[in-house]
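Hi everyone, thanks for making time for this one. I'd like to walk you through a structure piece by piece, so please have a look at the sequence and the model first.

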Amino acid sequence: MARHDDLPVPIFKSLEPVYGSGSQLEEAELRFSKLKSKFVEIFGHSPDIYARSPGRVNLIGEHIDYEGYSVLPMAIRQDTIVAIRKVEGEKVLKIANVNSDKYALCTYPADPDQEIDLKNHRWGHYFICGYKGYYEYAKSKGIDVGKAFGLEVVVDGVVPTGSGLSSSAAFVCSSTIAIMAVLGANFPKKELAQLTCECERHIGTQSGGMDQAISVMAQSGFAALIDFNPIRATELQLPAGGTFVIAHSLAESLKAVTSATNYNNRVVECRLASIVLGIKLGMKAEEAITKVKTLSDVEGLCVSFAGTRSSSDPVLAIKEFLKEEPYSAEDIEAILNEKLETIFINSPSSLDVLKAARHFKLHQRATHVYSEAKRVFAFKDTVSSKLSEEEMLKKLGDLMNDSHYSCSVLYECSCPELEELVKICRDNGALGARLTGAGWGGCAVALVKENIVPQFILNLKEQYFQSRIEKGVIKKADLGLYVFASKPSSGAAIIEL
C-alpha cells in the first residue's frame, strides 16, 4: 500500500469528506455558495474547479525546519479556498477576493517568468508564487503546459493573517493546487509539499517547508512529525484527554514585511553559527563556507566533540566554541577569512539582513535549534509511550513550556503580548503554553484538559480579550476567530462541485 504522502491530492465531488458534518459542514456550504456567487458576479461565469488548503498550528519545533530538523504540527479547520477558471486566448491573470473591501482585484500578465515586485507588496503576489512555482516544476518534469492562457480566480481565506497559523502557506498551497487542477494534472503530495515550499521563496521568505508540508499532507485526526530532505509525514495520534486551544495575541506577525530584521535574520544567524562551528571543529574555512548550510550539517561534529566529554549533547560544542556575547560582522569575518557579503552574494534576502543587522547572536540561536530539535523527538516519544494519559499530558505540557522559554529567551522571537497571553494560559490551568509560528506576534497554543476547555476559553476572553474589545482592537462578534479549540484537521483537497 502506498504511503499517504505518496498519494495525489484527493478529489471530492462533495464537501462532507473535507468538512465532516453538522455545523462545520453547514458553514462550509455557505462559504462555497458565497464564493461561487462572487465568482459569477465578478466574471460572469462559474469557476471550473476549487482547491482548498488549511492553516496549521505547530505544536512543537519552532524555527528549526529551515535548519533541516523535524517538526510536529497539525492542520486546523480554518483554510483558504481558491475558485479558478481557465480562459483560453487571454493573457491576463485576474485575482479577486470574497472580501473585496479589504483586498482589491489584482491583475498580472499570464507570464510564468515574471518577477514579483517585492518592494510593492500586494496580496495577489501569493497567488503568483504558486503560478511561477507550478510552471517551474512542470518544466523540470518535462511536462508541456502549452501556450499561456488567462486565469480568473476568487480567493476566500479564513486563516487569520499575521497570526502565525500559516495563512500565507494556505494561500500559496491552495493556489498551486488550483492551477494544477485546472490544468487537469495531479502530483504526489510530498512533491507538492516540496514545490509549494520553494514557491513561497519567490516572495522573499526563506521558508523551511513545515507549513506547506502539513497543509498539503495532513490527515484528519492526526498531528504529523514532518521530516525533511526528503519531505515525509508520519502520523501521530494525540492523547484523547487533551485539546489544543489557539489564541491570537492580536499583535500581527508580518513575516514578509519584517523578514530582514526578524525571520530571515535568524536564518542568517543560524548559517553563520553553523559555519563558525564547522571551522572551530576542524573544517577548513573555505570548505565550511561552501558545504555548511545549516546547523544539522555540523551536528555530527558537535556530537563527536561532546563524546570527548562523555556526552552526546551538541550544545556542549556551542558552550565551548561560540561566545555568549553578540558577534560583530568583523568578528565573524576574521574567523571565516571572508566578507559576509561574498558568502551570501546569491541570496538577496540575506544581503538585506546584513544591511539591517547590528550584531549576530550565534551562541543563543544555535542553542535554541539543537535543544528544540531534541524536544520534538521527546514529544513524539511521549505520545508513543506507555505512560498513563495524565503523565503523558503533563510531560507534553512541560516540553511546550520549555520550548516557549527557548523561543523567548534564546531565539528572541516573542513579544510582550505573547508573553502576557502565555502567562494567562498557564495561570488558568493550561498544562503547557507557547508561542507558535514565526513569533513576533501571532498566536499562542495551549494544551488543556478536555473537560476544562469551555471555562478556559471563557477565562481567556475575560482576562486577555475583553480589554482589547473595549479599546476597539477587535469586535466581540469576531472573538471566535481569535480564540478557539482545535482537533487535527484534514489537508489539501480538490473539489468539483
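Predicted model: local features only at pLDDT ≥ 70, side-chain atom pairs only at ≥ 80, totals over all residues.

Strand β2 covers residues 49–60 and strand β3 covers residues 72–87. The two are antiparallel partners, with 10 bridges between them. β2 also has antiparallel pairing with strand β13, residues 493–495, through 3 bridges. Over there, the residue to look for is A51, which stands opposite I494 of β13. And how many of the residues in β2 are buried? The count is 12 of 12, so to speak a strand that is mostly covered.

Now for another part of the model, an open sheet. It has 4 strands, in the order β10-β11-β9-β12, and the pairing is antiparallel. Which are the edge strands? They are β10, residues 432–436, and β12, residues 483–486, and each of them pairs on one side only. From one strand to the next, the twist averages 25°.

Let me zoom in on β9 and β11. If you want a landmark, find I246, with V445 of β11 opposite.

Next, the helices. Helix α16, residues 389–410, lies across β9, β10 and β11. Relative to β10, α16 runs at about 40°.

α16 also packs with helix α15, residues 362–383. The angle between these two helices is about 170°, and their axes are 10 Å apart. Because of that angle, α15 counts as roughly antiparallel to α16. As for handedness, α15 passes α16 in a left-handed crossing.

What does the contact itself look like? On the α15 side, the residues include R365, H368, E372, R375 and F379. On the α16 side, they include M392, K395, L399, D402 and L410. How do the residues of this contact divide into nonpolar, polar and charged? There are 9 nonpolar, 7 polar and 5 charged residues in the contact of α15 with α16.

That's my tour for today. Happy to go back to any of these views if you'd like another look.

How values were computed
Residues numbered from 1 in each chain as written. Heavy atoms only, no water. Pairing = 2+ DSSP bridges. Axes fitted to C-alpha atoms, helices over the stretch in contact; angles between N-to-C directions. Contact = heavy atoms within 4.5 Å. Parallel < 35°, antiparallel > 145°, perpendicular 65-115°, else oblique. Left-handed = near helix turned anticlockwise from the far one by under 90°. Nonpolar A, V, L, I, M, F, W, Y, C, P; charged D, E, K, R; others polar. Buried < 20%, exposed > 50% of the residue type's maximum accessible area, 1.4 Å probe, protein only.
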